[in-house]
Amino acid sequence: MIILPAIDIIDGKPVRLYQGDYNKKEIVADDVFETAKSFQDIGAEYIHLVDLDGAKSGSNQNHELVIKIAKELNIPVELGGGIRSFETIRYLLDNGVARAILGTIAMEDEELLKKAIAIYDSKIAVGIDCKDGKVYGRGWLAASDLDYIEFAKKMENMGVKNIIVTDISKDGTLEGPNVEMLKELKKTVSIDITASGGIKDIENIKELKSIGLYGAITGKAIYAKTLSLEKAVEISKEGR
């Protein structure tokens, strides 16, 4: 399993939300680039970036900052949030971003998703953000009737190689991840699963690793210092 420290971005600043609520925003560091570089220096193997402005409005105001990080760091960077056109996917991936995470558009535009997978293959991941078993889009603001397991199976059948699964009710709470949901999903699909939301401490990392997941995304626990990124990376590498 790999650990992907997360940086959520609003107005070019690193922030954290509570359960996806834009009204519960907390600035967690001074500078996005320096935060990403510090994660690399600690030993992170991958950085997870979220453009929250993009997720909410579809804007791309943070893309230049993301590309600067992708080009100047020595480890891969993935980005989610507001990627809703093929032109945006191409722009990001052709300018150093290692993986583009599609959320809303994966739900709403199958043809675009098929095209992106055909051209970029494993550089395309799909974010499955859910609450009470249902998938949400538009920066977690729009509910759907899609069941998260059925949606994951559909993504696998369409050729998606990696899904990033977030229980919205856990995100930013430090209450621990939704392990049962992840176990159920792991039994159902064989593609890479990255867990996101709720991670508090090293015990959560150990539990997620025991499920056999591809990755675990953690943000608030690092900033709140309930989790040592160095220790988490160390444990994630054991047994490789």
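Thr218 is buried in this predicted model, with a relative accessible area of 2%. Because the cut-off for a buried residue is under 20% relative accessible area, Thr218 falls in that class.

**Thr218 and its surroundings**

- Thr218 belongs to strand E12, which covers residues 215-218.
- When neighbours within four places in sequence are left aside, the contacts of Thr218 are Ile3, Leu4, Pro5, Ala6, Ile199 and Leu227.

**The protein chain as a whole**

- The protein chain contains eleven helices and twelve strands.
- Its radius of gyration is 16 Å, close to the 18 Å given by the globule rule for 240 residues, so the chain is as compact as a globular protein of that length.
- Along the principal axes, the C-alpha atoms fill a box of roughly 40 × 40 × 35 Å.
- Of the 240 residues, 56% are buried.
- Among contacts with a separation of 6 or more, 68% join residues 24 or more positions apart.
- The chain exposes about 10200 Å², and carbon and sulfur atoms supply 44% of this area.

**Helices H7 and H8**

- Two packed helices are described by the angle and the distance between their axes.
- The axes of H7 (residues 148-157) and H8 (residues 179-188) come within 10 Å and cross at roughly 35 degrees.
- This crossing of H7 and H8 is right-handed.
- H7 contributes Tyr148, Ile149, Ala152, Lys153 and Glu156 to the contact, while H8 contributes Met181, Glu184, Leu185 and Thr188.
- By class, five of these contact residues are nonpolar, one is polar and three are charged.

How values were computed
Residues numbered from 1 in each chain as written. Predicted model: local features only at pLDDT ≥ 70, side-chain atom pairs only at ≥ 80, totals over all residues. Heavy atoms only, no water. Axes fitted to C-alpha atoms, helices over the stretch in contact; angles between N-to-C directions. Helix = DSSP H or I, 4+ residues; strand = E, 2+ residues; numbered from the N terminus. Left-handed = near helix turned anticlockwise from the far one by under 90°. Contact = heavy atoms within 4.5 Å. Nonpolar A, V, L, I, M, F, W, Y, C, P; charged D, E, K, R; others polar. Buried < 20%, exposed > 50% of the residue type's maximum accessible area, 1.4 Å probe, protein only. Rg over C-alpha atoms; globule rule 2.2 N^0.38 Å. Areas by Shrake-Rupley, 256 points an atom, 1.4 Å probe, with all protein chains shown as cover.
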